[in-house]
Structure formats: structure tokens, C-alpha cells
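Hi,

Here is the structure I promised to hand over. Have a look at it first, and then read on for what I found.

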Amino acid sequence: MGLKDIVASTTELYTATRVYGEPVEKDGIVVIPAAMVTGGGGGGHEEPDKEGLGFGLFARPTGAFVVRGSEVTWVPAVDVTAWGITAGAVVISLAWILGRAARRSRRGRKR
């Protein structure tokens, strides 16, 4: 398999079905998943028989479209992990800032 064939076959990796799966229909309601899928790569060859290729893929769910009859609504996905990491970073930053302020305040009183 050549470099062009490999690159052509990777396009199926960049789809929402990698994150969620296929749309689901039940009782006349259709749920269509949506995701942010990004990636990049590169490759090349030095000689006709020496080729190389590398790529990365990042995918995360963003939500789903819910179809009920002729009505379509958007239901966003809630990324609990991202919220937890953000909250942790905020708490650590506040603790650091308050600790520095307390140390400065103590130094000012000693003089």
C-alpha cells in the first residue's frame, strides 16, 4: 500500500461516528450525534521504497440534534471532565494567590 492509498483510507477516521456511533431512531424520534473531530498528519518519502506517515486524531462529543416530527432541537453535550479540570485549576490558582497575599501581609506587619 502506497502513501497516497494510506492517506485516502484515513478520511473515514474523521467522522462523528468515531465519537458517538450511528444516528438512533426510536418511537419516531431520531437522535443525530454531533462531534468535533480534528486531526493532522504528515508524510513523505526519501526513495521510492522508503515512505513514512504519521497522524493524530482528537475527537470529542459536542451534542446531538433531536428530530421529533418536523421539529429539530439541539442538545449540547456536557463534558464533565473538562468542567472538573477547569474547577480544579481555578481552586489551585486561588489558593496560590491567597497564599502569596497572606505571606506578603505577614511580611508587611513584621517591619
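A35 stands opposite P61 in β3. The two strands involved, β2 and β3 (residues 50-68), run antiparallel and are joined by 18 bridges. A hairpin links β2 to β3 through two residues. Strands here are DSSP runs of E with at least two residues, helices are runs of H or I with at least four, and both are numbered from the N terminus. Two strands count as paired if DSSP finds at least two bridges between them.

Before going further, please keep in mind that this is a predicted model: local features need pLDDT of at least 70, side-chain atom pairs count only at pLDDT 80 or more, and totals for chains, interfaces and linings use all residues. Residues are numbered from 1 along each chain as its sequence is written, and side-chain values use heavy atoms, leaving out hydrogens and water.

Now for the whole chain. The protein chain has two helices and four strands, in the pattern α-β-β-β-β-α along the sequence. The four strands make an open sheet in the order β1-β2-β3-β4, with antiparallel pairing. Its edge strands are β1 (24-26) and β4 (71-76), each of which pairs on one side only. From one strand to the next, the twist averages 25° (axes are lines fitted to C-alpha atoms, for helices over the stretch in contact, and angles run from 0 to 180 degrees between N-to-C directions).

V24 has V31 as its bridge partner in β2.

What about burial? Of the 111 residues in the protein chain, 8% count as buried (under 20% relative accessible area; exposed is over 50%, and partly exposed is in between, with a 1.4 Å probe and protein chains only). V72 lies in strand β4 and is exposed, because its relative accessible area is 52%.

Finally, contacts: among those between residues at least 6 apart in sequence, 47% join residues at least 24 apart (a contact means heavy atoms within 4.5 Å).

Enjoy exploring!
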